[in-house]
Amino acid sequence: MIVLIKKQLTPPFTKLAPELTIGLYHKFSHQDGVDIPLSCIPNVHYHFHLKSFTVQFFALRDIKTGEQIFHSYCRANKTLEERKAKLALHGFECNCRVCANATPESDRLRKNFETQITNFKTLALKKPLRGILEQALKLEKDMIKEGLDIILNFGSLLIFISWVYAKLGNMEESERYQRLGSEIKNCYLKNQE
Ligand SMILES: [Zn+2]
């Protein structure tokens with residue numbers, strides 16, 4: 001069974017309910033006939049909810065009526081070769097846009113974005129903020145292009161950009177980035193409940 005969304009889902013991080021709350025964790029294993037294709041730019045996130053003993057899915061992006069859902073098996077910081085190796089263990093192959101267009105630069109981005117986001121905070125104390133802002137905005141753009149704009153760390157990057165804008169006196173942009181960043185961060189926290 002290929003799962004298609006029957007109803008438009010907005011905004012991001014809506015809980016997919018109830019037809020996509022799958023009974024038992026071990027059943028979510030392709031033996032059960034539930035076949036959710038893989039992609040390194042997933043539109044759903046799932047986790048095992050201990051209290052109800054179910055696997056619960058959440059929309060990470062807006063998903064339109066009839067649109068296919070995709071989930072990812074690999075952490076965002078894995079290179080193409082690392083993703084391939086992991087998926088091969090399960091007998092899977094990923095044909096997503098990001099895998100098809102992977103380059104040494106995109107692999108480097110995946111390896112470095114976490115460190116870059118952490119380092120921005122230290123750099124911002126020592127270097128001119130305008131330069132740091134430029135770097136942070138470039139990273140934001142690169143992460144969006146690579147489909148990394150729905151992970152928790154991307155939320156941290158947006159909150160950092162918001163902080164820089166506030167320091168530079170641009171309150172409008174600061175508030176906009178704060179809102180976007182908080183939306184990502186809060187939803188990940190909320191989904192753990
Ligand atoms: Zn892929």
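**Entry 1. Terms and model**

I began with burial: a residue is buried if 20 or more other C-beta atoms lie within 10 Å of its own, exposed if 12 or fewer, and partly exposed in between, with C-beta atoms placed from the backbone. I noted that the model is predicted, so that local features need pLDDT of at least 70, side-chain atom pairs count only at pLDDT 80 or more, and totals for chains, interfaces and linings use all residues. Residues are numbered from 1 along each chain as its sequence is written.

I looked up the confidence next, given as pLDDT (the predictor's confidence in each residue, from 0 to 100). The protein averages a pLDDT of 79, and 74% of the residues score at least 70. I count two residues as in contact if their C-beta atoms, placed from the backbone, lie within 7 Å.

**Entry 2. Overall layout**

I listed the elements, taking helices (H or I, at least four residues) and strands (E, at least two) as DSSP runs numbered from the N terminus. The protein has six helices and two strands, and from the N terminus on they run β-β-α-α-α-α-α-α. Of the 193 residues, 26% count as buried. I also checked the contacts with a separation of 6 or more: residues 24 or more positions apart account for 68% of them.

**Entry 3. The largest nonpolar core**

Which residues touch the most other members of the largest nonpolar core? I found Val44, Ala136, Phe154, Leu157, Ile161 and Val164, in a core of 30 residues. Such a core is a set of buried Ala, Val, Leu, Ile, Met, Phe, Trp, Tyr and Cys residues joined through C-beta atoms within 7 Å. The elements that give two or more residues to this core are strand 1 (44–49), strand 2 (54–59), helix 3 (104–126), helix 4 (129–145), helix 5 (152–167) and helix 6 (171–191). Helix 5 supplies the largest share, seven residues. At least three residues come from each of domain 1 (18–98) and domain 2 (103–190); these bounds come from an automatic or database domain assignment.

**Entry 4. Helix 4**

Ile132, Leu133, Ala136, Leu139 and Met143 are buried in helix 4. Seen down the axis, the buried residues fall within an arc of 125 degrees, so they line one face of the helix; the arc is that of the directions from the helix axis to the C-beta atoms. I recalled the general rule that an α-helix has 3.6 residues a turn, so residues three or four places apart point the same way. The buried residues of helix 4 pack against helix 3 and helix 5. On the other side of helix 4, I noted that Arg130, Gly131, Glu134, Lys138 and Lys141 are exposed. Just after helix 4, Gly147 takes a positive phi of about 75 degrees.

**Entry 5. Helix 5**

Helix 5 has 16 residues and reaches 23 Å from its first C-alpha to its last, close to the expected 22 Å. Its buried residues are Phe154, Gly155, Leu157, Leu158, Phe160, Ile161, Ser162, Val164 and Tyr165. Gly169 follows helix 5 and has a positive phi, near 85 degrees.

- Phe154 counts as buried because it has 22 C-beta neighbours inside 10 Å. Phe154 touches Met143, Leu148, Asp149 and Ile184. Phe113 is 41 residues from Phe154 in sequence, but their C-alpha atoms are 9.0 Å apart.
- Phe160 also has 22 C-beta neighbours inside 10 Å and so counts as buried. Phe160 is in contact with Ile117, Phe120, Lys121 and Ala136. The C-alpha atoms of Phe160 and Thr118, 42 residues apart along the chain, are separated by 9.7 Å.
- Ile161 is in contact with Ala136, Leu137, Glu140 and Tyr177.

**Entry 6. A residue of helix 6**

Is Asn186 buried or exposed? I found that Asn186, which lies in helix 6, counts as exposed because it has 12 C-beta neighbours inside 10 Å. The C-alpha atom of Asn186 is 9.3 Å from that of Leu152, a residue 34 places away along the chain.

Definitions and conventions: Expected span 1.5 Å × (residues − 1).
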